[in-house]
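Please look at the sequence and the structure before reading on.

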Amino acid sequence: WSNIVDLLLGQVLSFKSNPFEHPFEEAARHIFKGAIVIENGKIAAVGDAADLLKTHPTARVTDYGERLLTAGFVDAHVHYPQTAIIASWGKRLIDWLNTYTFPEETRFFDAEYAQEISNRYLDLVLANGTTTVASYCTIHPESVNAIFTAAAERDMRIVAGKTCMDRNAPDGLRDTVQSAYDDSKALLEKWHGVGRAGYAITPRFSPTSTPEQLQALGALWAEYPDVLMQTHLSEQVDEIEWVKSLSPDARDYLDTYESCGLLGKGGLYGHAIYLTDREKDRLKEVDASLIHCPTSNTFIGSGLFDMAGLMADGHRIGLATDTGGGSNFSMLRTMAAAYEVGQLRGTPLHAAQLYWLATQGAARALHLDDKIGNISVGMEADIIALNMSSTPAIAQRTQHAEDIWEALFATIMMGDDRAIDATWVGGKLLC
Ligand code: GUN
Ligand code: ZN
């Protein structure tokens, strides 16, 4: 570590508690003339600019003016290998997978291509203010090494894992029960806990893993209970029918995981739109994480996630782009879509709730909320400077905003990578 102490000036937004459980005025903390002190890659102090300038006279000062300093975004479910096929037109889940996704993922046997896309993907998300992602890879170990290497080069905190599939996938994109277990174990041993990396055991979803493969990965999770496990659950009606036909004895979709040791705290279940009461109860009981992917759910035509209902029932919920089923790399656009989905369900989300979901909520879903997702002392210094007047259209709205939430909401609804003025990762300015 260098001995340089950095002091960032700007408006500062942080969270003291969950704005779904407490009034947002209490849950959020906004300092108009605020400052953040960074030492050794971590946040050392947060407070009023005048105070912190006085107590840190030798700090290197970066003045972001009226930019809003917040935690970097956390994207709790992505497929980095789908970067190059994002926004592919006109298919439902199963044919979208077969037409666009699987052919592209087949290319990742090539370590060089995997490295190229890993670098391209992380540069894109950093430009969008996202400082941590939880990513699926492909079946190829090369794809896992590539993303962890690219993240380490940028000192990004990341979660990733080898996607496992041993049926219903094309040639060149299937592993086996044994190789899924062996490769996942070797990659987990190689990367988990190294620097800022965390491993997630990653069976893609029930249709593409035999029960034997799910059992093997359940056994692996039992050997390493502190790693995460990520998969897909109840995304589309047709998919659920397919799971029923493949596993006629299962009580429901979740049971195909539960019966194989793949339900637990530390389990991340993407989409989770069409849940039965039994599934909701079990997910709640074990404190599993549900990941809302709103741009994907509208883009692929999946359905409307019940944020308000599940949150009220006390579920652990994160927000995600689901690149490239999701149609954007931006968590701002993702918050906007979450708002729109809430509107269609008659439950509008407040700007504080949306922003919490994209930062602390997503970090909490990944069990990383003691390290990232908020601006508070001791947290890793993953920080963005958000320009709340980044385009003429947004600026003319923000100009007469009554408070911080009105101003922020305009950027949530209309903002994109142009709103991200700076991205600090682990206490260093990356872009
Ligand atoms: N279900 C299984 N695989 C995928 C995927 O790659 N994207 C989405 N959206 N759903 C899936
Ligand atoms: Zn997904």
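In helix α5 of this predicted model, the buried residues are Pro141, Ser143, Val144, Asn145, Ala146, Ile147, Phe148, Ala150 and Ala151. Among the elements that cover these buried residues are the helices and strands set out below.

| Element covering the buried residues of α5 | Residues |
|---|---|
| α4 | 111–127 |
| β6 | 130–136 |
| β7 | 158–161 |
| α6 | 177–191 |
| β9 | 197–203 |

After α5 comes Asp155, which has a positive phi, near 55°.

Turning to the chain as a whole, the protein is divided into domain 1, made of residues 6–72 + 375–429, and domain 2, made of residues 73–365. The centres of the two domains, taken over C-alpha atoms, are separated by 29 Å, and 28 residues of domain 1 are in contact with 28 residues of domain 2. On the side of domain 1 that touches domain 2, α1 (24–27), β4 (60–71), α16 (404–414) and β15 (420–425) each supply at least two residues, and α16 gives the most, with six residues. That side of domain 1 is made up of 16 nonpolar, seven polar and five charged residues.

An unreviewed UniProt entry lists residues 69–429 as "domain: Amidohydrolase-related". Over residues 69–429, the chain is 43% helix and 17% strand, with the end C-alpha atoms 13 Å apart.

How values were computed:
Residues numbered from 1 in each chain as written. Chains lettered and ligands numbered in written order. Predicted model: local features only at pLDDT ≥ 70, side-chain atom pairs only at ≥ 80, totals over all residues. Buried ≥ 20, exposed ≤ 12 C-beta atoms within 10 Å, placed from the backbone. Helix = DSSP H or I, 4+ residues; strand = E, 2+ residues; numbered from the N terminus. Contact = placed C-beta atoms within 7 Å. UniProt positions renumbered as here; feature names shortened; annotations may be inferred. Domains from an automatic or database assignment. Nonpolar A, V, L, I, M, F, W, Y, C, P; charged D, E, K, R; others polar.
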